[in-house]
Amino acid sequence: MKIILASSTNVFVRGGATFFVDWLGHALEARGHQVDTLMLPVSEEPNALLEQMAAFRLIDLSQHGDRLITVRTPAHLLRHPRKVSWFIHHYRGAYDLWGTRYQTLPNSPEGIACREAIIGADNRGLGECARVFSNSGVVRDRLRKFNSVDAEVLFPPLPEPNPFRPGPYGDYLLLFCRLAHHKRQWLAIESLRHTRTPVRLVIAGPADPDAASYVDELRVLIARYGLDDRVSLLSRWIPDEEKTALFAQCLATLYFPFDEDSYGYPSLEAHAARKAVLTTTDSGGTLELIEEDRNGFVTPPDPEQIGEAMDRLFSDRALAQRLGESGPERMRELGIHWDHVVERLLA
Amino acid sequence: MRIAVLNNCVPFLYGGAEYLADALARKLQEFGHEATVIRMPVRWDPPERIIDHILAARLLRLPNTDLAIPLKFPVYYVPHPNKTLWLLHQFRQAYDLWGTQFQSIPDTQEGRAIRDVIRRADNEYLPEARRIYTNSKVTGDRLRKFNAIESEVLLPPLLADSAYRSGETGDAIVAIGRVNDTKRQLLLVRAIKHCRTPVRLIVAGKTESGAYASAIELEIRKHHLEARVEFIDRFISDEEKIELLSGCLACAYIPYDEDSYGYVTLEACLSRKAVVTCTDSGGIDALVRHGDTGYIAEPEPKALAAAFDELYLDKVRAARMGAAGEELARSLRINWENVIRTLTGSS
C-alpha cells in the first residue's frame, strides 16, 4: 500500500513525536508498504495558530497514496479521502489546560473565539477520518469529552528492532528520562533517604535546555542527605550502548512523572529489559500499563512509601525478577507491538 | 546556524530537485550547520488549486530557524525574516510558457486571473528574500524580464562527488542521460549519417517512452548505422558514466531549451572532454564556449555532423578543448564549498 504519513514539527526540535513518526514509518516499510513521510512546520506561537491550521487545510493530498495517516496536530486537517488519525495530543492550551495557568490563549473575546475555532476545525478534520486512534486512554477520554470523537487506543511500541536486553538484577534502581522538574527526579532522591537497605539510585538523562538550575537543585539535595555514594547523577545525553547496559543491569526502574498523558517510553524500555517499573498514583498514563504487584508497584507519591517499595525490591530479588518478567506479557495484552498497530491503522 | 531548505513535493516522487535539496542539507551539515529539508506538498490541477497552495505557503510558519533557503514556487512564499532564495524555477506556465503548448492554465478569464495572481505574488513576496540566487542565467534573466527582480547566478555543483577521470581521446561521441524527445538523442543519430569520418556515437540512458526508443532503433536500422551507433537503453551507473566519459572523443548534450547547464556537461568538463551542444539548448552555454571548450551547433543533423567530424579529424584540438572546459569549470567555482559559503553569507 502507498501510505502518506503526515505530522507537524517544531523544526530542529527532536522529541517524542518525531521519533514516533520515524518508528511508525519504519514499521510500515518493514511490512512491505511504500511510505512518504511529510513533516510540516508548525510554530506554537498562539497568534499564528489559526493561520497555520488554515495552511494545513489548504494542502490537498487527495491525489496521492492509498491512505493518509496523520499524527501530530494539526495534521488531521490535511485533505485526503482515505484518512486515519493516530492522535497523540491536542493543542492543550485550548483544551484541558484552558482555565489553568498553562492556558496559552487570552481570556478575551478574541481568545475565546480562537479556542472555539480550534475546536471546530479539529472536529471537522477528525470527523473526516475513517478512524481515529489515540496513543493513550487519557487522550481518548479528552477526544470524547471535547470533540465527541470515539477513538480507539493504540499504544505506541518501541522501535523495532529495539536494542534492550535482559541482564542480572543488580543493586541500583534506574530513573532514565529527561531531567525536568515534572519528571520528579527529586522525589526519587527524597525517597531513597527513607530506605533501610543499601539500594542505590542511578538518575540518567539530558537536562532540558532551561533546566540547569534544576540539576543544581538535585545535586544540592543529594549532598544534603549525604547520599553521594548511593546516587549517580548522569546529567547528559546517554549513548545507546550505555543506555541499554544501564537498563540490563538495574534491579528495577522508577518512572513517576507528574500526570503525563502516556505511559512513557522508559516504562517500555524497562519491560523490554525485563525490569519492573515503580510508579505513583498521580503519574497519569503509566497507570494504563503498570499494575500493582504484577509488572511493578504503584504507590502514592509519598517518599516513605516509595522508599518502602524500593527496599522490598532490593531485599527480594526474586520479586524484582517476577515483576520484571511479567512486563512483556502485559505489553502483549495491551497490543503494544507493531503488528497490532499496523493492522489497526490499515484496517 | 539552523538552516531549513524548503522544497515542494509531490508525494512519492523523487527527482532532480529533491536530490539537490537533500544534497544541500547534507553539505550544510558537513560544513557544521544544523540543516533539514522541509517539503510542502503542492497540487497543480485544477489550476485554481495553485492559488490554495500559494496561500498555504504564505500561512505557514517556520519556527526555530535561523536561515530559510527555499528552492521553488510556491514554497518560497513561506514567511521568514532571514530568507535566501536559491531559485530553481518559478511557475513557468505563468511566464515564458504562457502562450505555448505547455501553458496548462486555460486562456480564459479565470485562467488569466490565476496567472496574474501568480505574477503579483512573485512581485510582492520574492523581494522579501535578503538575497536571491538562481541556478542558471536563464532563470535569472526570466526573473529580471518578467518581475524586474535582480539576482545572481549560483550554479549547482554535481550531486555526487564522484571521481571523474581523463583517459585517451577516443573515437566516439557519447550522449549520456535520460532519453526522451526533449533531450533529442534522435537528432544525434541523424547527424551520424551525415558524417564523413568514421566517428561513432554512443547513446546511453534509460528511455522514458517505448515509442522514442523504437524511433531511435528504427533510425539506426533504416540508415544501416548499427556499426556506428551504440544504443544502451538502460540506467547508467556512476561507474559506467565515468568510464564512458573518460575514454570518449567528446560529449554531446543537446536538450531543447534547458535552464540549467546540465550535470553531464560539467561531468564531461571534469573528464577533460569537449562538449557539443546546440544554439537552442539554453543554459548549457554556461560551460560550452564555441570553438574553445566545444561546439554550439545549429540544431540540425548536418551542423552537428560537421562538429563531430572536426573533432574526429583533430583529436589534439579536441583534447585541448577538453582541458579548456575543465579550466572553465574550475574557474566558475561550481563546488559545494562555494555554494555553502554564498548561501550562508559567509563568503
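**Strand pairing, helix packing and the chain interface**

In the predicted model, strands β4(B) and β5(B), the latter spanning residues 131-134 of chain B, pair in the parallel sense over four bridges. Within this pairing, B:T84 has B:R131 of β5(B) as its bridge partner.

Strand β4(B) comprises residues 84-87. In a regular strand, side chains alternate between the two faces of the sheet. Accordingly, B:T84 and B:W86 point one way, while B:L85 and B:L87 point the other way. All of these residues are buried.

In chain A, helix α8 (residues 265-272) packs with helix α11 (residues 317-333) at an angle of about 120°, and their axes are 7 Å apart. The contact brings A:L268, A:A270 and A:H271 of α8(A) together with A:G327, A:P328 and A:M331 of α11(A). By residue class, this contact between α8(A) and α11(A) consists of four nonpolar and two polar residues, with no charged residues.

Between the chains, 23 residues of chain B are in contact with 24 residues of chain A. On the side of chain B that touches chain A, at least two residues each are supplied by β1 (2-9), β2 (34-41) and α2 (48-59) of chain B. The residues on this side of chain B divide into twelve nonpolar, four polar and seven charged.

Methods: Residues are numbered from 1 along each chain as its sequence is written. Chains are lettered from A and ligands numbered from 1 in the order in which they are written. This is a predicted model: local features need pLDDT of at least 70, side-chain atom pairs count only at pLDDT 80 or more; totals for chains, interfaces and linings use all residues. A residue is buried if 20 or more other C-beta atoms lie within 10 Å of its own, exposed if 12 or fewer, and partly exposed in between; C-beta atoms are placed from the backbone. Two strands pair if DSSP finds at least two bridges between them. Axes are lines fitted to C-alpha atoms, for helices over the stretch in contact, and angles run from 0 to 180 degrees between N-to-C directions. Two residues are in contact if their C-beta atoms, placed from the backbone, lie within 7 Å. Ala, Val, Leu, Ile, Met, Phe, Trp, Tyr, Cys and Pro count as nonpolar, Asp, Glu, Lys and Arg as charged, and the others, Gly among them, as polar.
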